[in-house]
Amino acid sequence: SLARRAVYTVDTFDREVQNGGLCQYFVNSSRETAPELEEALSQVGAESFRKLFHNFVTENDIDVTQLDSFVIHSAEEFVAQNERYPFDEFDEAYYELYEREPLDALCTAYIRRHLGDFFDR
């Protein structure tokens, strides 16, 4: 369902950023969810996170439908990717926002409001 896909997309994004920052989200295969991310964040009620992500990709001219330049094959390449954009600034803002508005709590509340979409009938 669209509801399940939204929660999956947001959860994938959150786990990557929590584990290694936005750069990690872009270099891992999870980047495949990037074209859907803004809509998914809005859907689960995470508008502040959507704005943060939107502003970052817009200000840095990142096309979320064309992320092939983020493919890496080594730790050295990850370091180089991390230097391409101000990822540390995004990550700090993300973690500060998360303290006030935990993304997993927003997803949980969304699931509770849409329980029927998460179970086969």
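Helices (DSSP runs of H or I, at least four residues) and strands (runs of E, at least two) are numbered from the N terminus. Residues, for their part, are numbered from 1 along each chain as its sequence is written. The model is predicted, so that local features need a pLDDT of at least 70 and side-chain atom pairs count only at pLDDT 80 or more, while totals for chains, interfaces and linings use all residues; side-chain values use heavy atoms, with hydrogens and water left out.

The predictor's confidence in each residue, pLDDT, runs from 0 to 100, and the protein chain averages 94, with 98% of the residues scoring at least 70. Among the elements of the chain, helix H4 (residues 47-59) has the highest mean pLDDT, 98, and helix H5 (residues 75-82) has the lowest, 92.

In the loop between H4 and H5 lies aspartate 61, whose phi is near 50°, a positive value in a residue other than glycine. Most residues other than glycine have a negative phi. Aspartate 61 counts as exposed because its relative accessibility is 70%, where exposed means over 50%, buried under 20% and partly exposed in between (1.4 Å probe, protein chains only).

Turning to the helix pairs, the axes of H3 and H4 come within 7 Å and cross at roughly 160°; axes here are lines fitted to C-alpha atoms, for helices over the stretch in contact, and angles run from 0 to 180 degrees between N-to-C directions. H3 and H4 are therefore roughly antiparallel to each other, a term for angles over 145 degrees. Leu37, Glu38, Leu41 and Ser42 in H3 meet Glu47, Phe49, Arg50, Phe53, His54 and Val57 in H4, contact meaning heavy atoms within 4.5 Å. By class, this contact of H3 with H4 has five nonpolar, two polar and three charged residues (Ala, Val, Leu, Ile, Met, Phe, Trp, Tyr, Cys and Pro count as nonpolar, Asp, Glu, Lys and Arg as charged, and the others, Gly among them, as polar).

Within H3 (residues 34-43), glutamate 38 touches Arg50, Phe53, His54 and Val57, not counting residues up to four places away in sequence. Glutamate 38 and histidine 54 are 16 residues apart in sequence, yet 7.1 Å apart in space, C-alpha to C-alpha. With 22% relative accessibility, glutamate 38 counts as partly exposed.

A second pair joins helix H1 (residues 2-20) and helix H7 (residues 103-113), whose axes come within 10 Å and cross at roughly 170°. The contact is made by Ala3, Val7, Val10, Phe13 and Asp14 of H1 and by Leu103, Cys107, Tyr110 and Ile111 of H7, and these residues divide into eight nonpolar, no polar and one charged.

Definitions and conventions. Parallel < 35°, antiparallel > 145°, perpendicular 65-115°, else oblique.
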